[in-house]
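Dear colleague,

Please find below the structure that I am handing over to you. My notes on it follow directly after.

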Amino acid sequence: MSDLDTFRAETRAWLEANCPPEMRQPVQSEDDICWGGRNWTFKNEAQKQWLDAMAGRGWTVPDWPKDYGGGGLSPEETKILRQEMGRINARNPLNSFGISMLGPAMLHFGTEEQKKHYLPPIARGEVRWCQGYSEPGSGSDLVSLQTYGKDEGDHWVVNGQKVWTSYADKADWIFCLVRTDKENKYQGISFLLFDMESDGVTTKPIKLISGNSPFCETFFDDVKVPKDQIVGKENRGWDVAKYLLGHEREMISGTGGGDRAGSLGAVLAETVGKDDAGKLDDPILRAQLAMFDVDALAFTAMSERFTDEMKAGKGHPAQPNMLKYAGTELNKRRHALIMEAGGSDALEWESERSNEGGRPRSWLRTKANSIEGGTSEIMLNVVAKRILELPGA
Amino acid sequence: MPLYLNDDQAMMQDSARPFMADEAPVAHLREFRDKNCKDGFSHDLWRKFGEMGFTGILVGEDDGGLGMGHVEAGVVMEEIGRNLTPSPFLGTAVAGVTALNEAGSALREKYLPGIVAGETVLGMAIDEGGKHRPERIAMQAERAGNGFKLSGRKQFVLQGGSADALIVAARTGGAAGETQGITLFAVDKDAANMRMESARLVDSAMAAHVDFDGVEVTADAVVGEVDEGWTVLRKVLAAARAGSASELIGVGTGAMDRTVTYLKERKQFGRLIGEFQALQHRAAHLYSEMEIARAAVLKAQQLLDEGSDDAELWVSIAKAKAGITSDLAVREGVQMHGGVGMTDEYDIGLFMKRDRALAEYMGDANYHANRVAELSGY
């Protein structure tokens with residue numbers, strides 16, 4: 001057996017022994033997803049046990065170096081771990097913006113001290129992060145942001161407002177884009193880190209069309225941020241932000257988007273019903289689902305190819321923009337089809353039988369996929385400019 | 001296995017890309033169309049395919065080939081698509097060779113050396129109606145003495161009129177709709193009672209309608225086992241569908257590249273039309289879909305080469321996705337070229353024609369999307 005075969009066999013055995021049965025069930029509702037953090041309440045003992053087991057091996061972040069709380073796995077081993085987790089439908093032990101967004105940026109731009117200080121608690125699910133990017137007047141045109149950090153010697157004093165801050169009311173720390181030079185648009189932004197319990201930070205949840213409030217308005221009123229709580233150089237935060245946006249777009253295209261293996265039609269056929277020949281008994285919906293499955297499954301190949309190419313240093317650096325565009329548009333289609341297949345059952349908003357409106361709330365939530373983290377239109381602008389090199393874009 | 005070309009496959013691409021662009025660019029297609037060539041392709045070019053080793057990609061090393069896989073064949077197919085190169089590569093070196101690889105040594109020795117040399121051409125006689133429905137093959141092959149007597153009609157036999165032999169799928173048992181009872185035969189071009197009528201297609205390729213009026217073949221002509229031809233035919237269909245999916249990727253990419261170039265050259269209202277966001281977004285969407293389709297096709301070919309149980313599903317995903325996307329590329333291409341897109345002088349229209357023919361070849365996107373549903377259990 002090759003080393004990788006051995007690794008696969010050992011991983012399979014370990015997962016069998018350590019992944020609790022409850023953690024092999026599909027995620028049904030928001031609180032099935034473990035986010036960790038200082039104030040996290042585990043839904044059940046299994047959720048905690050699974051997080052501790054995986055974090056103990058560094059497998060919440062399998063490809064990070066061991067020194068920073070990771071598993072130190074090679075790209076091939078990481079792929080095998082994901083495949084073996086998929087084989088038993090193991091849930092992701094920890095969802096975290098620290099893992100998907102801050103971590104990669106920190107690994108790339110952070111100092112050794114910062115990596116050792118900030119990364120292990122992320123890997124163990126002890127500190128939950130949120131992202132302070134958008135502002136009321138700075139959405140697609142993010143670089144126009146106004147939140148200002150005044151230089152006071154050994155610290156900055158930050159004033160301003162962020163919006164669409166995901167789970168700001170539940171997060172422990174924030175990574176935040178702050179203007180530290182009013183004269184330079186691009187080279188006047190710094191990437192700051194600070195505790196959400198700092199004096200002067202307040203959050204206010206925003207109620208969305210789904211009825212849920214995953215996003216907040218976040219206000220900074222004379223917040224003191226020590227000078228060592230910066231990633232990258234002063235006024236060069238836009239470089240960090242751009243790097244991180246690539247990871248965010250990749251993440252949205254995957255976990256929040258169309259990157260799901262398996263046939264949607266096969267699942268929804270059980271909802272709609274089948275005719276005597278075993279075909280979904282609404283021919284037009286069946287045809288739409290077949291076309292969706294073609295697109296969605298083809299997209300999983302694109303995600304796989306992108307991941308493989310990135311690890312090998314191939315591929316165009318602007319590719320995450322096209323993945324984000326395609327993945328989120330697919331996810332919107334997915335949920336629109338789930339609604340169609342559900343008929344009037346999928347209209348129920350408040351009832352136990354509908355899991356308190358799981359389907360319509362998820363459907364409405366997906367409408368944000370092509371807005372958050374860069375709209376579809378911005379993604380197409382970037383592809384046109386950076387990949388196709390069209391003029392004046 | 002990572003989902004990109006490995007070093008050997010990248011080398012194949014490095015050899016196929018300049019070869020096709022130099023030896024058989026779109027001007028080559030125009031030349032053979034304009035002289036009304038009855039083959040629709042160049043035998044000289046086919047021999048050069050042999051010299052380059054392309055014709056032997058899927059032929060085993062013991063039979064004098066390279067013993068490579070569908071990924072490598074796809075690499076060549078994509079370059080063919082990009083240049084609209086007319087050639088028997090898909091029908092002969094991909095579909096035909098896949099059939100012969102399942103045949104006994106006598107048939108392999110009879111045809112494979114000629115194919116490897118770029119001399120022999122095969123025609124695939126599968127379809128019996130305007131739409132590709134291989135499950136419903138009805139053509140009869142009755143037992144007669146030591147051999148069989150073939151009766152029925154085939155159509156869309158690409159390069160049939162130029163072929164040295166046809167690979168024919170017929171029924172030795174069972175009824176239309178059943179997979180049991182199909183048998184594949186290799187029928188030489190000069191067989192008695194076989195009539196061929198060739199027609200030029202929209203993309204300038206030649207395809208034959210073939211009438212079999214009691215064509216006698218010996219038992220030696222059977223490819224694989226009698227009544228068990230479906231197992232061979234499945235492999236042939238998978239190979240041809242994957243190969244044509246790669247060609248569609250080439251056609252779509254060729255159309256897209258020409259269109260993006262045109263957007264950077266054409267001026268209206270005092271600006272390059274590529275500055276208009278309405279066109280930029282459509283071009284970027286097309287790029288995105290092409291990349292996804294390309295990944296799906298490579299995935300299907302890797303699974304075919306691994307002998308995976310998922311290969312058939314992925315081949316249908318690939319053919320459907322490549323078909324839909326290449327169609328988008330040629331439609332957007334002609335539209336964004338404006339008036340000149342309608343002229344014969346500009347190449348973009350030729351891409352639209354080739355795309356239309358390839359869309360039908362071995363099942364269109366509707367057929368394959370339906371298969372994805374069936375294979376997924378709904």
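In chain B, 56% of the 378 residues are buried (20 or more other C-beta atoms, placed from the backbone, lie within 10 Å of the residue's own). Please note that this is a predicted model, in which local features need pLDDT of at least 70 and side-chain atom pairs count only at pLDDT 80 or more, while totals for chains, interfaces and linings use all residues. Residues are numbered from 1 along each chain as its sequence is written, and chains are lettered from A and ligands numbered from 1 in the order in which they are written.

Chain B contains 11 helices and 10 strands (DSSP runs numbered from the N terminus: H or I of at least four residues for helices, E of at least two for strands). The C-alpha atoms of chain B fill a box of roughly 80 × 50 × 40 Å along the principal axes.

Helix 8 (residues 277-306) of chain B packs against helix 9 (residues 311-337) of chain B at an angle of about 155°, their axes being 8 Å apart (axes are lines fitted to C-alpha atoms over the stretch in contact, and angles run from 0 to 180 degrees between N-to-C directions). Helix 8 of chain B is therefore roughly antiparallel to helix 9 of chain B (an angle over 145 degrees).

The contact between the chains takes 37 residues from chain A and 32 residues from chain B (C-beta atoms within 7 Å). On the side of chain A that touches chain B, helix 8 of chain A gives the largest share, 16 residues.

Yours sincerely

Definitions and conventions. Buried ≥ 20, exposed ≤ 12 C-beta atoms within 10 Å, placed from the backbone. Contact = placed C-beta atoms within 7 Å. Parallel < 35°, antiparallel > 145°, perpendicular 65-115°, else oblique.
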